[in-house]
Amino acid sequence: MAAPYPNYITPDGFAKLRADYDYLLGVERPKIVEVVSWAAGNGDRSENGDYLYGRKRMREIDGQLKRLSKKMKDARVVDPRQQPDKSRVYFGATVTIADEDDNHRVVTIVGNDETDVDVGRIGWGSPIARALRGAAVGDLRRVMLPAGEREYEVMAIAYPV
């Protein structure tokens, strides 16, 4: 089943995925292959910890490479700096919102693979990001969160320059 929205990602987010892939393929995996080859030459493989661990680690790396490859293939790189309408909330926007208690929060809407809630980077598919899509300064948006429904007012919208 296809995702209900494209797998958007910022250029920086895509570069990080690419760097992770290149590191695993060009550095990490060759080290493990070398260890496994050395361990295989030592005789009995059934009791050889280096061989068994190396094979297990190689399978993990291959799985990570497969996942990263799929993410990069499915990704649609969008540069927020080139957003033509900067008066509304779209992918890549940094938005200041205020809840009913006048608590302000700043969030940046990024790709789902780039989220980091601790620094305010929320995924494009998150409930708050979905509710904010297309909003302008002064708009009120209701969001259904696990703790219940909240209403947010858009206080400011900014895009990277």
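Visitor: What makes up the lining of the largest pocket, by class?
Guide: By class, there are five nonpolar, four polar and four charged residues in this lining, where Ala, Val, Leu, Ile, Met, Phe, Trp, Tyr, Cys and Pro count as nonpolar, Asp, Glu, Lys and Arg as charged, and the others, Gly among them, as polar. This is a predicted model, in which local features need pLDDT of at least 70, side-chain atom pairs count only at pLDDT 80 or more, and totals for chains, interfaces and linings use all residues.

Visitor: Why is a set of grid points called a pocket or a cavity?
Guide: On a 1 Å grid over the protein atoms alone, a cavity is a set of points where a 1.4 Å probe fits but cannot get out, whereas a pocket is an open set with protein on both sides within 12 Å along at least five of seven lines, and lining residues have an atom within 4 Å of a point. The largest pocket is lined by 13 residues, among which Thr 10, Asp 12, Pro 80, Arg 121 and Pro 160 lie nearest its centre. Its volume is about 180 Å³, a volume being the space filled by probe spheres set on points that are joined across faces, edges and corners.

Visitor: What makes up the lining of the second largest pocket?
Guide: Two nonpolar, one polar and six charged residues do, with Asp 20, Glu 114 and Arg 121 among them. Helix H1 (11-40) gives the most, with five residues; helices (H or I, at least four residues) and strands (E, at least two) are DSSP runs, numbered from the N terminus.

Visitor: How do you know whether Asp 102 is buried or exposed?
Guide: Buried means under 20% relative accessible area, exposed over 50% and partly exposed in between, with a 1.4 Å probe and protein chains only; Asp 102 has 52% relative accessibility and therefore counts as exposed. Asp 102 lies in the loop between strands S3 (94-98) and S4 (104-110), and its phi is near 65°, a positive value in a residue other than glycine.

Visitor: What makes a set of residues a nonpolar core?
Guide: The residues must be buried Ala, Val, Leu, Ile, Met, Phe, Trp, Tyr or Cys, joined through side-chain atoms within 4.5 Å. The largest such core has 21 residues, of which Val 89, Val 95, Ile 109, Ile 128 and Leu 132 touch the most other members. Helix H3 (127-132) is one of the elements that each supply at least two residues of this core, and H3 gives the most, with four residues.

Terms used. Residues are numbered from 1 along each chain as its sequence is written. Side-chain values use heavy atoms; hydrogens and water are left out.
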